[in-house]
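Please look at the sequence and the structure before reading on.

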Amino acid sequence: MMGPSDTDTHGGHGERATYEAAQRRLFAASGLEPREQFIDLGPAGGRTHVIELGPSDVDHPVVLVHGTALAGGLFAPLMGALEAVPVVTFDRPGYGLSAPFRYTEGTVGPTAVTNLLGVLDALGIDRADIVGHSMGGHVGIRFALAHPDRVRQLTLMGAAPGLPGTSPPLPIRLLTTPVFGRLLRWRQPDGEAGVLDIAEVFGERDAIQSHPAFIAALAAHEAVPTAAAAGISEFKAVLSIRGWRRSVHIAPETLRTLPVPTTFIWGDQDPLGGPGAVRDVVGSADRVRVETVRAGHLPFLATADRCAHLIRAGRRADG
């Protein structure tokens, strides 16, 4: 989600401080008083910013994994809707307040798995309910396949890269090309106007305008040089002008045989593709269900209460 500019990874202390302040205002607007800390994950992600809500001694908290060009704190509207549910989220490598990182096609997958594993281990979480948005959903699938014993249930919000029947919108594919990418980033307005333009590409312009603190925080995040560099590198790692790179394709059989209970929360106006293709693929698979909501690519923003209800329902069903 979102199209960052290609910037240097050096400096940016003022921009980080601005984003940190905007994140605090977003938390306040969502009625949240989270606990924050930094953990050092070494090769698994370096200095990592972690956000927690609710009791920390619960056996299976909800762990939120954000998508490309976003950050953990931007889940605030969903965290507010989850109310008493214990929640953990974090800034993936390069994003938010975490250490700088540039993705490549060869590192994006392994980094996703080792980073999430490192966070769970560092926080002493044996099993979790993993909830991923967009690329975070792709991370969740990879992680569940590699470490099914660490995942109690998996929830995927928005079309994840590589899913059957999905394709990235043309403006985002163009961002990966040298000439068109520079031209589009040059023409994109700075700040909140640019956020609204990109939100329209992802079918969420109306929904996002109901969350002014979210718009301000996302605009501040896109201005952080390290976050912008991470975002453009991850876009290039997972897609090209032709669509998803072969390395991120998820085979239909993989979806039908996911080793953990899985729920897809899919916006009926998601520009990456409709839920029909995945629903046809999973068919009557016992452990997989597809729920459609009135949203674009950010169901957790447009339909936060519905997403929270489905996440809580899955927790109750698992006991």
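D197, E200 and R205 are linked in a network of salt bridges, a salt bridge being a side-chain nitrogen of Lys or Arg within 4 Å of a carboxyl oxygen of Asp or Glu. R205 is partly exposed at a relative accessible area of 27%, and D197 is partly exposed at 32%. Here buried means under 20% relative accessible area, exposed over 50%, and partly exposed in between, with a 1.4 Å probe and protein chains only.

The model is predicted: local features need pLDDT of at least 70, side-chain atom pairs count only at pLDDT 80 or more, and totals for chains, interfaces and linings use all residues. Residues are numbered from 1 along each chain as its sequence is written, and side-chain values use heavy atoms, with hydrogens and water left out.

The structure holds nine salt bridges in total.

| Pair | Distance |
|---|---|
| D129 and R152 | 3.0 Å |
| E291 and R306 | 3.5 Å |

The side chains of D129 and R152 form a salt bridge. D129 belongs to strand β5 (residues 128–133) and R152 to strand β6 (residues 151–157), so this pair ties together parts that are 23 residues apart in sequence. Helices (H or I, at least four residues) and strands (E, at least two) are DSSP runs, numbered from the N terminus. Both D129 and R152 are buried.

E291 and R306 also meet in a salt bridge. This pair links distant parts of the chain, with E291 in strand β10 (residues 288–293) and R306 in helix α14 (residues 304–318), 15 residues apart. E291 counts as buried at 19% relative accessibility, while R306 is partly exposed with a relative accessible area of 35%.

The other topic is a pair of helices. The axes of helix α1 (residues 13–29) and helix α9 (residues 212–222) come within 8 Å and cross at roughly 160 degrees. These axes are lines fitted to C-alpha atoms, for helices over the stretch in contact, and angles run from 0 to 180 degrees between N-to-C directions. The two helices, α1 and α9, are therefore roughly antiparallel to each other; angles under 35 degrees count as roughly parallel, over 145 as roughly antiparallel, 65 to 115 as roughly perpendicular and the rest as oblique.
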